[in-house]
Amino acid sequence: MTKVAFVTGAGQGIGEAIAKRLADDGFKVAVVGRTLTKVARVAEEINTKHADAALAISVDVTKRDEVFAAVKQTADAFGDLTVVINNAGVAPTTPILEVDEDTIKWTFETNVNGTIWGIQAATETFKALGHGGKIINATSQAGVEGNAELSVYGATKFAIRGITQTTAKELAPLGITVNAFAPGIVKTPMMYDVAHNVGKNAGKDDDWGMAQFSDGIALGRVSEPEDVANAVGFLAGSDSNYITGQTLIVDGGMVFH
Ligand SMILES: NC(=O)C1=CN([C@@H]2O[C@H](COP(=O)(O)OP(=O)(O)OC[C@H]3O[C@@H](n4cnc5c(N)ncnc54)[C@H](O)[C@@H]3O)[C@@H](O)[C@H]2O)C=CC1
Ligand SMILES: CC(=O)C(C)=O
């Protein structure tokens, strides 16, 4: 079986690191995201290292039809599909009294609906191909323990852990495993944006904002995207075959469950 992965939100940050890690591990990779120029750059860098290993696809994960079409396009292009990684996400900073309907809608449509469309599309394609597969969802340490000012985001990430557990039970008879990864504080545009907003809300700078999250990490440093990609490489590989419904926390020691 050819190893073929579909990774959303792969134009930067954690998704980019996952796509590159899986290509290094011998996967063909669909590098998927909203902005074609961003995913095209990542795909080109992968193809320079591993000829014809990557395909760039522009998709808005809130759109069910687009996700289904892109998953099918991936299987058609590479002749198989074995792993789907629902990594794309958004993280608005939301002090509770400032939460509004638009923010709830946008965040849930991206993080929760996008994950559900990815699970559905993966399942449909795995079934059509006549074999099982692996689905891997991005949650967060903020989906394991509540973080101040991240109520809406945290709600979506708690939901993703729930969806991971329910679909693991539902899809096991099809030979499909469903797991999640929960990063801690990772050096990506998302986290720098959160740190900036939390700092600004307190009348402080970005470093202060970042410290609200990073102080107390047991291993004494914030995460590189590659720290997360290493764990996802494990979840995407055969060494995790007997694991399903679990959330692998990759946070350097922030929350202990
Ligand atoms: N950076 C961090 O500290 C943490 C990140 N995470 C999670 O890891 C995942 C990746 O996060 P980062 O790389 O940090 O974020 P990021 O913001 O740097 O990258 C996310 C990517 O997702 C894409 N995206 C957003 N909405 C989309 C949509 N509707 N359709 C398609 N693509 C879309 C963005 O364009 C962006 O390229 C997210 O699910 C995030 O919630 C979890 C815990 C900590
Ligand atoms: C953005 C995020 O997932 C955090 C702070 O855990």
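Strand β4 (residues 83-86) and strand β5 (residues 133-138) run parallel and are paired through 4 bridges. Two strands count as paired when DSSP finds at least two bridges between them. Strands here are DSSP runs of E, at least two residues long, and helices are runs of H or I, at least four long, all numbered from the N terminus.

A word on the source. This is a predicted model, so local features need pLDDT of at least 70, side-chain atom pairs count only at pLDDT 80 or more, and totals for chains, interfaces and linings use all residues. Residues are numbered from 1 along each chain as its sequence is written, while chains are lettered from A and ligands numbered from 1 in the order in which they are written.

Back to β4 and β5. V83 sits opposite K134 in β5. Between the two strands the chain passes through helix α4 (residues 101-129), and this β-α-β crossover is right-handed. Right-handed has a set meaning: with the strands pointing away from the viewer, the path from the first strand over the helix to the second runs clockwise. N86 faces N137 in β5.

How many residues of β5 are buried? The count is 6 of 6. Buried means 20 or more other C-beta atoms within 10 Å of the residue's own; exposed means 12 or fewer, partly exposed is in between, and C-beta atoms are placed from the backbone. Both faces of β5 are covered. G133, I135 and N137 lie on one side, with K134, I136 and A138 on the other.

β5 and β6 run parallel, joined by 6 bridges. G133 has I176 as its bridge partner in β6, and I135 stands opposite V178. β5, α5 and β6 form a right-handed β-α-β unit.

Why is β6 largely enclosed by the rest of the structure? Because 8 of its 8 residues are buried.

Finally, the ligands. A residue is near a molecule if its C-beta atom, placed from the backbone, lies within 6 Å of it. Ligand 1 has 30 residues around it, of which G9, G13, G89, S140 and T188 come nearest. Helices α1 (13-24) and α6 each supply at least two residues of that shell. By class, the shell has 13 nonpolar, 14 polar and 3 charged residues. Nonpolar covers Ala, Val, Leu, Ile, Met, Phe, Trp, Tyr, Cys and Pro; charged covers Asp, Glu, Lys and Arg; the others, Gly among them, are polar.

Which helix gives the most to the shell around ligand 2? That is α6 (residues 189-201), with 3 residues. The residues around ligand 2 include S140, N147, M190 and F213. This shell has 7 nonpolar, 3 polar and no charged residues.
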